[in-house]
Amino acid sequence: MEEQKQSSETPAKKIIGLTGGIGSGKTTVAEFIEEEGFPVYYSDVHAKEIVNDDADLKQHIKNLLGNDAYDENGFYDRKFVAGIVFDNEELLLKLNSLIHPAVKTDFENWLERQQTEFIFKETALLFELKLNESCYRSVLVTADDNVRIKRVMDRDGKTYREIESIMNRQMPEKDKIKLADFVIFNNEGLDELKSATEKMIVQLNAVSEK
Ligand code: ATP
């Protein structure tokens, strides 16, 4: 793994990729990490802003999906886009290949403003897009399928079948577990999840000091 360069004044920034499938609890873990004093870049939140704010990207998306990708007020129409890419993997890939470079640039600009040694990047597609390869370490949050489904049903009001169908399109948990440096199992309560997050940070520090 390539180590990042160290300057004499500031510690080298170490990017930790944080991921997990739908309802795994990765955002909850990200919030605990922030409480521990580390910055977290929420890729999906930034992507949602970028599709509205970046004029070039907006034009490219319209060229790919048509003007209806944006509503009459000029805002990205998430429902419309989801509807046309849902069953069209090729189109989804093309859309991702437009959005991800813009998110990457945004992340790099954000990263320059951060001061801590460890910096976390929360992203659902860490392994799928091989973003882990440019991270110092990766952290996977996972839980049993039925636990994740129940939590998302409670959170979003989606049906069992809808969530299962999203899950079936994501990379299988067993494959992600093999790729991750740290795995947080989130089948228990929030206290246990917080302890597991703190333990992961201790382990990260231990690895980093070697
Ligand atoms: P998504 O990818 O769908 O956005 P996520 O991986 O970011 O999901 P969260 O939003 O953190 O997952 O968690 C899903 C839901 O489950 C949330 O409502 C969260 O509060 C709840 N939750 C997460 N972990 C636990 C836990 N250990 N105990 C109880 N509720 C939990």
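User: Leaving aside neighbours within four places in sequence, with which residues is Thr28 in contact?

Analyst: This is a predicted model, in which local features need pLDDT of at least 70 and side-chain atom pairs count only at pLDDT 80 or more, whereas totals for chains, interfaces and linings use all residues. Residues are numbered from 1 along each chain as its sequence is written, and side-chain values use heavy atoms, with hydrogens and water left out. Contact means heavy atoms within 4.5 Å. With its neighbours within four places set aside, Thr28 is in contact with Leu190 and Leu193.

User: What distance separates the C-alpha atoms of Thr28 and Leu190?

Analyst: Thr28 has its place in helix H1; helices (H or I, at least four residues) and strands (E, at least two) are DSSP runs, numbered from the N terminus. Thr28 and Leu190 are 162 residues apart along the chain. Their C-alpha atoms are separated by 8.6 Å.

User: Why does Thr28 count as partly exposed?

Analyst: Buried means under 20% relative accessible area and exposed over 50%, with partly exposed in between (1.4 Å probe, protein chains only). Thr28 is placed in the partly exposed class because its relative accessible area is 26%.

User: Which residues are the closest among those that surround the ligand?

Analyst: A residue is near a molecule or strand if one of its heavy atoms lies within 4 Å of it. The ligand is surrounded by 15 residues. The closest of these are Lys26, Thr27, Thr28, Arg155 and Asn186.

User: Which helix gives the most residues to the shell around the ligand?

Analyst: At least two residues of the shell come from each of helix H1 (26-35), helix H6 (145-156) and helix H9 (190-209). With 3 residues, the one that gives the most is H1.

User: How many residues of the shell around the ligand are charged?

Analyst: Ala, Val, Leu, Ile, Met, Phe, Trp, Tyr, Cys and Pro count as nonpolar, Asp, Glu, Lys and Arg as charged, and the others, Gly among them, as polar. By this division the shell has 3 nonpolar and 8 polar residues. The number of charged residues is 4.

User: How much of the area that the ligand exposes when taken alone does the protein bury?

Analyst: An oxygen atom of the ligand is 3.5 Å from a polar backbone atom of Gly21, and an oxygen atom of the ligand lies 3.1 Å from a backbone N or O atom of Gly23. Taken alone, the ligand exposes 630 Å² (Shrake-Rupley method with a 1.4 Å probe; for residues, only the protein chains shown count as cover). Of that area, the protein buries 74%.

User: To which side chain is that of Thr142 joined by a polar contact?

Analyst: Thr142 lies in strand E4 (residues 137-142) and counts as buried because its relative accessibility is 3%. A polar contact is a pair of N or O atoms within 3.5 Å; within protein, one must be able to donate a hydrogen and the other to accept it, and residues adjacent in sequence count only if both atoms are side-chain atoms. Residues up to four places away not being counted, Thr142 touches Ser24, Glu173, Ile177, Val183, Ile184, Phe185 and Asn186. The polar contact, of 2.6 Å, joins the side chain of Thr142 to that of Glu173.
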